[in-house]
Amino acid sequence: MRRVMLGVLLTGALFAMSLGGCAGEPDEGGEAAGDTYRIGAVLSLSGPQAGLGEPERRAIEMEVERINEEGGVHGRPVEVLFEDDATDEAKAVTAASRLIEQEGVIALIAASGTGQTMAVRQEVERAGIPQMSLAGGSVVTAQFSEWVFQTPWPNRIVVPFTLGYLRDSGVTRLGLLIDSGAYGKDGYDVIMAEVDRFGIEIVADEQFNRGDTDMTPQITKIRAAGPDALLMWAAGAEAATVLKNNAALGGDSPLSVYGGPGNGRIELIQGAGDAAEGFTFSAGKILVPEAYGVGSDEYEVTTSFIDRFTERFGVGPDIFAGHAYDGIYLIVDAMKRLPEGFTPEDLRDEIERTDGFIGAGGTFTFGPTDHNGLSEDDLTMYRIENGEWVLVGQAR
Amino acid sequence: MGGTELLQFVLAGLKNGSIYALVALGFTLIYAATGVINFAQGEFYMLGGMLSVWAYADLGLPLPLAGLVGVMATAAVGGVFELGAIRQRKDGDPLALIVITVGGSMVLSSMARHLFGPNERPLPLFSGGGSVSVFGAVLEVQTIWILGLTALAVVGLWYLYNRTGLGRAMRACAVNRDAARIVGIDTRLMVTVSFLLAAALGALAGLAVTPLTQTAFDVGPTVGIKGFAAAILGGLGNPIAAVVGGLVLGMLESVSIAFISSTYKDAIALIVLLGVLFVRPQGILGRSRREKV
C-alpha cells in the first residue's frame, strides 16, 4: 500500500510540475474567428534549440499584441498559432501540415533551426503559402524556393564579412575550429569556398561535437600549426568551453579567437568569464544598436523593440528574438500594403516586393532572386571587453 | 609533434577519461545490482551540475555547500526514481526496466527544461582560474579537481566494497541475488542503495565539469553514451574496469585528434570499442560469463 501511495504522490508531483511549466504558455488553437488573420509559427520550444525558440515566441507574442492594439490589419486582428517542433524535423512537418490543413493559416513562420526549416518546405510549397524562416543556414535561401524567405544573416553574407575583417587585421594563417552540427558545417563550407579570395591560408582545420566537454586536444593541434588567429564557427554552449581551453593553453600568449553571430549570446560571456575578454565576432547590429548611428530610423526601431521586450520579460532580446521580430513584421507589413481579401499567393508576391523595410536585424529589400534581403552593411564586429559587447566597427 | 604537445594530449585524455569513468561507475553499480543498463545515468550527470547551479545561483549558497546540495539532491532523485519506477516493476524483467530508465531520462530532462530554462548556466571554478605547468604542458586547476574527485570516488568505492558490511552485501547481490536473499540480505534495499550511489557519482562528475563547460537540460545523453561505452569497454559490473574503460576511451579520443582527425574522433573511439569487444566480448577486465556458472 505504501508503495502505491508513493507512486501516486510521484505521479501527482510530476503532473503538477508539468502544469506549472505550461502555465505561461499562450492559449494555442482557439476558436476560429472568421474575421481574424491567422499566421502559423512552428518553433523549437523544447529540445536542443529551445534556447532559440523561446525568445522567438516571446517576441512574436509581444509584437502581435502591439499590432492588434493598433487596430490589426484592415481593422481585423492578427492571430499567431504556435506549435512546438521539439527541435525535430518530423515533428516540424506534422506541426506545419496541421497549421495549414486544420487552421488554414495564410503564412507560416518556420522554423528556429535550419533542419526544420528545410523539412517543412514541401508542405509550404504544396499549400502555396509564404514561409518565413528564422534559421541562419545559407541553404535556406541558397536552395531557392519562391515561397521561402529568411530573416537572419546567412553564412554566405556573414562569412565573407568576417574573413574580410580578419584580412584587414593582418591575419594570413588561420586555424579553424568548427561545430560539427548543421550551423557549423554550413559556415565551414562557405569559409572553404571563400577563403582564397581573401589571401588567407587555412593551416589547421578541427571540429568538435555537440556536448563535448574539452577542446584542448583540438586547440593544441591548431596551436602547433602556428596560425595568426583562430576562427570558431559554432552556436552552442561549447563556444565558452573553447574560449576557456584556449585561455588556459595559451597562458601569456593565447590565440586571438574570432567568431560569428552564433556567439552573440549573453550566456557566452557568463560561461567563459575572463576567458571571453578580447573575443571578437561578427553579428547584426541589434546587440549594440548605436552601431546603426544614434537617431537613425534603424536605431529607433531597434531600441524601441529592446526597451519594450526588456520591460515585459525582464531580460533583453537576443539576436533570435530580433529575427522573430523581423519575421512577423515582414509578413504583417506586406499584409497591410495589400487590399482586403488577398490570397496567400498575393501575400507572397507582396513580401517579395518589400523594399527597405527597417527591422531589428537590418534593412530588408527582397527581390525575385533574393529572399534574405540583407547585406554586409547590416553587420558589424564586436569585441568582448569587461564582460560587455563593444563595437569595433566595420573592417572596410 | 613535440613532447610537450604529446603530454598535452595525454592530460586531455586523462581529464575526459576520468569524467567518463565517473559516469561509467554509475552504469556498473546499477548493472551489478539489477542486471540492467540505466539509460538515465546521463541525466544524473546533468542534474548534478544543474542542481548545484540552482543551489549556488538561485539559493545563494556558498559553492562547496551548493555542490554538496547538488550531489545529495541528485542522489535523492536517484533513490526516488528507483522506489517510484524501478521497484514498481515487481518481476524485475530487464527489458521492461531498461525501457523504464529510457522514459525516466526523458522525464528528468524535460523537468529540468521546465524548471531551469532552456539555456546553459555557468558555475564558478572551484578554486579560481589558473593552471599549473607540467613539463611545459598546461594543467588547469579545475582538471586537478576532476582527477582528484575521480580518485576519491574510486578509493571510497573500494573501501565500501571491501571494508563495510553494506559493501559486502552489495557484492553478494551482484554475484548471486537469490543466494544473497537466502542468507538474509535485503536485495531490494541493495538495489535502492546502488541507485543512490550511481546518481551521486554521476552528479559528482556533472558538478566537477560544469565550471569548465556550463550545464544545460540536454547535456545528459551525450555524456551518458560515452560513460556507457566506457563501462562496456572496461567490462560491465566491475568498478575498476569502469575506471579503466573511461580512461582508455578518453585517451583514444585524444590520440585520435592528435594523430588522425577531430572529425572522426568519436567514430575512431567506437571502432576501437567494437574491435576490443570482438576479441574480448566481456570487456578489457570483465570476467566472462562462463566462469560465473
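# A quick tour of chains A and B

Searching the whole structure turns up 36 salt bridges over all chains. Keep in mind that this is a predicted model.

**Where chain A meets chain B**

- On the chain A side 38 residues are in contact, and they meet 45 residues of chain B.
- About 3,500 Å² of area is buried between chain A and chain B, and carbon and sulfur atoms give 55% of that.
- Five salt bridges are counted between the two chains.
- One of them joins the side chains of A:Asp212 and B:Lys265, at 2.7 Å from N to O.
- On chain A, the elements that give two or more residues to the side touching chain B are α1 (2-22), α2 (50-69), β7 (201-208), α9 (216-224), α10 (238-250) and α11 (266-272).
- Sorted by class, that side of chain A has 13 nonpolar, 15 polar and ten charged residues.

- B:Lys15 and A:Asp214 meet through their side chains in a salt bridge, 2.7 Å from N to O.
- This pair crosses between chains: B:Lys15 sits in helix α1 of chain B, while A:Asp214 is in the loop between β7 and α9 of chain A.
- Are these two partners buried or exposed? B:Lys15 has a relative accessibility of 3%, so it counts as buried, and A:Asp214, at 3% as well, also counts as buried.

**Salt bridges within a chain**

- A:Arg98 pairs with A:Glu83 in a salt bridge whose closest N and O atoms are 2.5 Å apart.
- Because A:Arg98 is in helix α3 (residues 89-101) of chain A and A:Glu83 in strand β2 (residues 78-84) of chain A, the pair ties together parts that are 15 residues apart in sequence.
- A:Arg98 is partly exposed, with 28% relative accessible area, whereas A:Glu83 counts as buried at 13%.
- Over in chain B, B:Arg181 forms a salt bridge with B:Asp178, with the closest N and O atoms 3.8 Å apart.
- Both B:Arg181 and B:Asp178 lie in helix α7 (residues 177-182) of chain B, three residues apart, or about one turn of the helix.
- B:Arg181 is partly exposed at 48% relative accessible area, and B:Asp178 counts as partly exposed at 49%.
- Back in chain A, salt bridges with shared partners link A:Arg38, A:Glu79, A:Glu83, A:Arg98 and A:Glu103 into one network.

**Helix α5 of chain B**

- Helix α5 (residues 141-163) of chain B has 23 residues and spans 32 Å from its first C-alpha to its last, close to the 33 Å expected.
- Its buried residues include B:Ile146, B:Leu149, B:Ala153, B:Leu157 and B:Tyr161.
- Among the elements covering the buried residues of α5(B) are α1 (3-34), β2 (137-140) and α8 (187-213) of chain B.

- B:Thr74 is part of helix α3 (residues 63-86) of chain B, and at 0% relative accessibility B:Thr74 counts as buried.
- Leaving out residues up to four places away in sequence, B:Thr74 touches B:Phe44, B:Leu47, B:Gly48, B:Leu51, B:Ala199 and B:Ala203.
- B:Thr187 belongs to helix α8 of chain B and is buried, with 7% relative accessible area.
- With the sequence neighbours up to four places away left out, B:Thr187 touches B:Cys173, B:Arg177, B:Ala180 and B:Arg181.
- From C-alpha to C-alpha, B:Thr187 and B:Leu274 are 34 Å apart in space, and they are 87 residues apart in sequence.

Notes
Residues numbered from 1 in each chain as written. Chains lettered and ligands numbered in written order. Predicted model: local features only at pLDDT ≥ 70, side-chain atom pairs only at ≥ 80, totals over all residues. Heavy atoms only, no water. Helix = DSSP H or I, 4+ residues; strand = E, 2+ residues; numbered from the N terminus. Expected span 1.5 Å × (residues − 1). Buried < 20%, exposed > 50% of the residue type's maximum accessible area, 1.4 Å probe, protein only. Contact = heavy atoms within 4.5 Å. Buried area = accessible area lost by both parts, 1.4 Å probe. Salt bridge = Lys/Arg side-chain N within 4 Å of Asp/Glu carboxyl O. Nonpolar A, V, L, I, M, F, W, Y, C, P; charged D, E, K, R; others polar.
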